[in-house]
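Dear colleague,

Please find below the structure that I am handing over to you. My notes on what was found in it follow directly after.

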Amino acid sequence: MAIWFEEYHTDNVKLGIHVKEQLFHGKSEYQEIDVFDSDEFGRVLTSNGSVIFTEQDEFVYDEMVVHVPMAVHPHVRTVLVIGGGDGGVARELGRYDEIEQIDVVEPDRMFVDVSKKFFHDNAVGLEDKRVRIHYEDGLRFLRKCNDAYDLIINDATDPLGHEAGLFTKEFYGNCFKALHDDGIMVYQHGSPFYMEDEETCRAMHKKAFRSFPINRVYQAHIPTCAAGYWLFGFASKKYHPLHDFDAERWDGRNIKTWYYTTHLHRGAFMLPKYVEDMLKEEED
């Protein structure tokens, strides 16, 4: 009998993945976690019935939230990752020798343990000696930080539930406070294609736009995301993602990637007209 994992992206659209077997099911204090083995995407991790990432397409997300800001900021030494308990973001950050400290703030120990057991290619990032895992709420952690980081990456997945506080005006204000004077924050911005998701995209951009002097949005193709289309936010106190982008310096690092390139970096900020219009309406 065929087994399928199905996730509704809207009331009328759903993603279906053929599953060979279910490898894990558990319920933590924060979420219900499942791991499936599939033919097309390899192992799939879900939270409360929604895909968080798969073995076959996680590299797109992790590369785009790390290498875009790292190709812009000239001297990143300290990084804060909010969420990121699977280790994928830490893995990409680990490719930069100049980074001295990577703080990963993940409240859910079960999420980390499951990632270590079933997704070693991601979780290897947590083994880096520069990584410190803090098992606590991201917003609560941020409230204690002042002028502490060069880069903050908000790897939280959902503006609802236990991560809702990571998408509020207070959150963006605390990120601003926690960054150095030339700091950058990058965050997942959601998918703007379906009407059900548009409101969240608008709200996030409005809050970031009001909190940081430089704000740009960029894009990537991630097959298991809603409409296969995902946005990221780039909020900065000083550096512009295109004007201060140093392609020659980044290419000279010879970092092996599957998705990110310095050519793609420029193109990722060239958005469809309907997305530009949506963002402009919130800025006005």
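In these notes, a residue is called buried when its relative accessible area is under 20%, exposed when it is over 50%, and partly exposed in between, with a 1.4 Å probe and protein chains only. The model is predicted, so local features need pLDDT of at least 70 and side-chain atom pairs count only at pLDDT 80 or more, while totals for chains, interfaces and linings use all residues. Residues are numbered from 1 along each chain as its sequence is written, and side-chain values use heavy atoms, with hydrogens and water left out.

Salt bridges

The structure holds 19 salt bridges, each being a side-chain nitrogen of Lys or Arg within 4 Å of a carboxyl oxygen of Asp or Glu. Helices (H or I, at least four residues) and strands (E, at least two) are DSSP runs, numbered from the N terminus.

Within helix α7 (residues 195-211), Arg202 and Glu198 lie four residues apart, about one turn of the helix. They form a salt bridge whose closest N and O atoms are 2.8 Å apart. Glu198 is partly exposed, at a relative accessible area of 25%, whereas Arg202 is buried, at 18%. Arg202 also meets Glu281 in a salt bridge of 2.7 Å, N to O. Glu281 belongs to helix α10 (residues 273-283) and Arg202 to α7, so this pair ties together parts that are 79 residues apart in sequence. The relative accessible area of Glu281 is 48%, which means that Glu281 is partly exposed.

A salt bridge of 3.4 Å, N to O, joins the side chains of Glu282 and Lys206. This pair, too, links distant parts of the chain, with Glu282 in α10 and Lys206 in α7, 76 residues apart. Glu282 is buried, with a relative accessible area of 17%, and Lys206 is partly exposed, with 30%.

A network of salt bridges links Glu58, Asp62, Arg91, Glu92 and Arg95.

Second largest pocket

On a 1 Å grid over the protein atoms alone, a pocket is an open set of points where a 1.4 Å probe fits, with protein on both sides within 12 Å along at least five of seven lines; lining residues have an atom within 4 Å of a point. Volume is the space filled by probe spheres set on the points, which are joined across faces, edges and corners. The second largest pocket holds about 320 Å³. It is lined by 16 residues, of which Glu58, Phe59, Arg91, Asp121 and Trp258 are the closest to its centre. At least two lining residues come from each of α1 (58-70), α2 (88-93) and α4 (120-123).

Strand β9

Seven of the seven residues of strand β9 (residues 149-155) are buried, so the strand is largely enclosed by the rest of the structure. Strands are taken as paired if DSSP finds at least two bridges between them. Strand β6 (residues 78-83) pairs with β9 in the parallel sense over five bridges, and Gly83 stands opposite Asp155 of β9. Strand β10 (residues 179-190) and β9 also pair in the parallel sense, over five bridges. There, Ile153 has Val186 in β10 as its bridge partner.

Asp246

Asp246 sits in the loop between β12 (229-236) and α8 (247-251). Asp246 is partly exposed, with a relative accessible area of 31%.

Yours sincerely
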